Amino acid sequence: MPEFMNDTMLLWPLAVPLATAALCAAAWAYPRAQKVASLAGLVLTLAASLLLLEAVMSQGIVTKQFGGWAPPFGISFVADRFGAAMVVIASVLALAAGIFAIADVRRRQVKAGFYPLFQGLMVGVNGAFLTGDIFNLYVWFEVMLIATLGLITLDRTRAQLDGAIKYAVLNLFSTILFLMAIGLLYGVTGTLNMADLARVLPQTEGSVALTVSAMLFLLAFGIKAGFFPLFFWLPASYHTATIIVSAVFAGLLTKVGVYACFRVFTLLFEVNDGGIRPIVAFFAAGTMLFGVFGAAIQWDIRRILSFHIISQIGYIMLGLAIATPLAMAGAVFYIIHHIVVKANLFFVAGAIHRATGTYDLRKAGGLMKASPLLAVLFLVPALSLAGIPPLSGFWAKFMVIDASFRGDMAWIGALALFVGLLTVFSMSKIWIEAFWKTSPRKAVRVRAVPVAMLVPIAALGAITLAIGFNPEPLVAFANVAADTMTDRAQFIAAVFAERQIAGATP
Amino acid sequence: MNLVYAFAIAAQMGCGVYLLLSRHGMRILIGIVLLSTATNLLIFVAGGLRFTAPPVIEPGLEVLAAETANALPQALILTAIVIGFALVSFAAALMLKTYRSVGSVLTSDHADAEALGSPFDREAPRNA
């Protein structure tokens with residue numbers, strides 16, 4: 001039994017949500033059964049992903065070849081520290097969202113297929129984190145896309161349909177670019193396995209097709225991740241979805257794009273040659289700056305937070321732009337911190353909506369007196385997002401900005417500090433308007449926030465505090481993860497010598 | 001031969017991008033279809049297009065004979081066609097539903113997402 005588990009370790013973070021999605025779809029007419037199945041599935045997914053992380057920590061990179069095909073021919077699944085950590089943090093977020101859903105998801109939304117679609121999204125996300133094949137990554141992107149489109153249009157309001165069209169068209173365009181990049185890459189190298197590509201590409205002579213392919217990858221992932229000149233689909237659609245869907249999207253979707261970007265530009269292409277680095281630096285600077293500018297004018301909490309997703313993506317890309325080991329580690333730390341904090345802020349927005357009946361800060365107010373607990377729970381992720389010590393965001397920003405000053409890009413570090421200041425402005429805006437000021441609508445009663453909403457907010461807040469007060473383990477983990485990520489030889493060796501490492505002793 | 005295909009793909013992609021930039025929902029949809037089929041052709045050409053024997057292992061042999069077609073690009077395209085079909089049909093359904101609820105397929109008339117929580121909403125009270 002342990003050997004069987006060891007051999008199939010990589011499959012469970014995918015198989016469990018897939019089975020749960022099927023189960024939920026089968027129980028279409030029974031919302032209660034769907035809720036129970038979904039929660040059970042999320043707990044099991046988290047357990048499976050923790051097992052995987054434990055295995056990766058103890059035995060190094062875990063790989064799996066499907067159908068028993070030898071490495072470059074079949075589809076490989078690979079989990080290194082970065083990938084496994086992403087799966088764990090995605091599963092934690094999914095479980096938090098699953099608990100939040102108990103209080104937030106309405107019967108009509110369950111009837112529209114919330115649970116199967118949500119599980120389907122998790123299948124796509126975990127698949128994208130674990131695959132070791134570039135074409136397979138495209139397939140997981142499409143799985144994610146179709147699930148997200150279903151989730152955005154859950155209520156079928158006019159605003160959601162409108163937002164979904166923008167989301168669909170721009171994301172379809174991005175996946176088409178991705179597919180073109182894969183086609184050109186295959187034409188040059190004749191392989192799709194990432195480990196094989198990492199082996200073949202350094203020996204391949206540079207060509208126009210290869211450069212175009214690298215640029216297409218950057219553009220495709222840039223649209224997915226919400227880089228500066230390409231982010232317009234994000235603030236046009238995220239605020240229309242129901243809040244729990246927005247929270248999951250905010251936490252996971254853009255980060256999958258970022259993750260793919262890191263994979264492709266560490267394993268396949270070098271950031272340092274071919275002039276990719278200045279482009280990434282330009283993207284990162286613009287993303288930080290325009291995201292935070294966009295947020296400054298908004299009054300709707302969801303819109304403020306949507307723009308802040310973009311701004312924070314800039315910080316993560318900063319790590320790739322500097323490309324020193326220190327910066328890479330900072331980026332890994334930043335992604336993990338950011339997924340937790342950003343989703344948590346959206347959950348708080350949902351709680352504010354539940355309490356005051358509005359997302360508009362101008363109409364909200366008086367929450368400080370009515371719900372002091374919520375005020376404290378908001379402060380933790382808000383200050384963490386802005387980078388106030390000793391919360392997790394401070395260490396994340398510190399690592400990235402420190403790396404930029406030590407590297408050759410001090411200007412971008414200075415810019416990042418300035419953007420941090422503007423982030424404080426946005427967060428204090430929410431704080432002053434929603435919590436401090438008295439409610440402008442005298443007659444309105446502030447409703448109680450259900451426990452099922454407070455529990456995930458508190459849990460994610462506790463993670464933020466834990467990282468903040470004891471950053472050392474995660475920093476050490478991020479350092480090793482960044483080293484493994486940038487070490488091609490280790491990745492190649494792990495995939496091609498699968499049988500010895502995965503413990504499938506013959 | 002490859003040059004002919006390259007021009008054909010370029011023309012098709014140009015048409016696709018042109019249609020994608022339109023305001024009309026149906027044109028956008030057709031633009032996406034054109035782009036995704038052009039991409040399929042691109043994979044086909046990039047995968048090495050030659051007149052060769054079909055990739056079938058003859059009875060009695062263990063491996064493929066020399067000069068047979070590469071089956072992998074075809075498998076990739078097949079996958080891409082299936083996925084593309086699913087997404088385009090979803091997009092078409094989305095467009096139809098939007099037309100029915102908004103009453104227009106012109107994206108200039110689709111302002112509901114922008115209006116939701118707009119900072120320029122005059123209804124909302126200023127700092128009270």
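Me: Which residues in α6(A) meet which residues in α7(A)?

Reply: This is a predicted model, in which local features need pLDDT of at least 70 and side-chain atom pairs count only at pLDDT 80 or more, while totals for chains, interfaces and linings use all residues. Residues are numbered from 1 along each chain as its sequence is written, with chains lettered from A and ligands numbered from 1 in the order in which they are written. Helices are DSSP runs (H or I, at least four residues), numbered from the N terminus, and two residues are in contact if their C-beta atoms, placed from the backbone, lie within 7 Å. Here A:Leu117, A:Phe118, A:Gly120, A:Leu121, A:Val123, A:Gly124, A:Val125, A:Gly127 and A:Ala128 in α6(A) meet A:Leu137, A:Trp140, A:Phe141, A:Val143, A:Met144, A:Ala147, A:Thr148, A:Gly150 and A:Leu151 in α7(A).

Me: At what angle do the axes of α6(A) and α7(A) cross?

Reply: Two packed helices are described by the angle between their axes and the distance between the axes. Axes are lines fitted to C-alpha atoms over the stretch in contact, and angles run from 0 to 180 degrees between N-to-C directions. The axes of α6(A), residues 114–130, and α7(A), residues 134–152, cross at roughly 155° and come within 8 Å, so these helices are roughly antiparallel (over 145 degrees).

Me: How far apart are the axes of α14(A) and α15(A)?

Reply: The axes of α14(A), residues 301–322, and α15(A), residues 325–356, are 9 Å apart, at an angle of about 175°, which makes α14(A) roughly antiparallel to α15(A).

Me: How many residues does each chain bring to the contact of chain A with chain B?

Reply: Chain A brings 39 residues and chain B brings 33 residues. On the side of chain B that touches chain A, α3(B) gives the largest share, 14 residues.

Definitions and conventions:
Helices (H or I, at least four residues) and strands (E, at least two) are DSSP runs, numbered from the N terminus. Angles under 35 degrees count as roughly parallel, over 145 as roughly antiparallel, 65 to 115 as roughly perpendicular and the rest as oblique.
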